Amino acid sequence: ALAMVFLCLIVSLIGAVALFGGGKILPGVRVGGVPVGGMDEAEAAQALASAWDGGNIVLRDGDRSWSAAAADLGITIDAQASARAASAWGRSNGGPAAALRAITGEVAVAPVISVDWERLGGYLERARPEIEVPARNAGVQLVSGQVQERPAQPGRALNIPATLDALRSDPSGALADGAIDLVMSSTTPEITDASALVAQAN
């Protein structure tokens, strides 16, 4: 019985926030990495336009990241449509369960965007030298007067076609947090064993 009463109270709270919040976007809602909770649609649209006009998008490879201007990537946002999507969260989109998520935490709502794929691919191609990590062959190194083996290290190569394909499948969803996850592949060094060189040196 107590659980039912508690549930009813939660539903009532959600309903009050959603229906009588003066048209404000629910707290905790973010669009493309931009917090818009507590704003009305016009304010959210302005905030999104300002953030994306000259703002940066994160290019991400695990714990490594780079930032790039959205315009340089060929990515533009429909600020009005994105603000409407944010306002709909917890109301026409998702209902009480979605509203509860926004009230008690953070929710990433997908922005409405368009992508110039040729421009994006060209940017990634130019950024390839900065993003990729060359594989390092095994070798030798001098440590405290002793020749020791320097282990080989795999590299990281950027797969541009796969990155674009992953983004094409759901560009708005992929950019919900304001970041593009790069598709990378591991590269193998040509020389993986330098023990013979160490033996010769010693």
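Residues are numbered from 1 along each chain as its sequence is written, and side-chain values use heavy atoms, with hydrogens and water left out. Because the model is predicted, local features need pLDDT of at least 70 and side-chain atom pairs count only at pLDDT 80 or more, while totals for chains, interfaces and linings use all residues.

**View 1. R60, D177 and D181 are joined in a network of salt bridges.** A salt bridge here is a side-chain nitrogen of Lys or Arg within 4 Å of a carboxyl oxygen of Asp or Glu, and by this rule the count comes to nine. Helices (H or I, at least four residues) and strands (E, at least two) are DSSP runs, numbered from the N terminus. R60 also forms a salt bridge with D181, where the closest N and O atoms are 2.7 Å apart. Since D181 lies in strand β11 and R60 in strand β3, this pair ties together parts that are 121 residues apart in sequence.

View 2. R60 is partly exposed at 24%, D177 is partly exposed at 40%, and D181 is partly exposed at 47%.

**View 3. D61 and R64 form a salt bridge.** Their side chains meet with N to O at 2.8 Å. D61 counts as buried at 8% relative accessibility, whereas R64, at 24%, is partly exposed.

**View 4. An open sheet has three strands in the order β4-β3-β11.** The pairing is mixed, and two strands pair if DSSP finds at least two bridges between them. At the edges are β4 (64–69) and β11, each pairing on one side only. Neighbouring strands are turned by 25 degrees against each other on average, direction ignored; axes are lines fitted to C-alpha atoms, for helices over the stretch in contact, and angles run from 0 to 180 degrees between N-to-C directions. β3 and β11 pair in the parallel sense over three bridges, and here R60 stands opposite D181 in β11. Helix α6 (residues 117–131) packs on the sheet and touches β3 and β4, contact meaning heavy atoms within 4.5 Å. The direction of α6 makes about 145 degrees with that of β4.

Conventions. Buried < 20%, exposed > 50% of the residue type's maximum accessible area, 1.4 Å probe, protein only.
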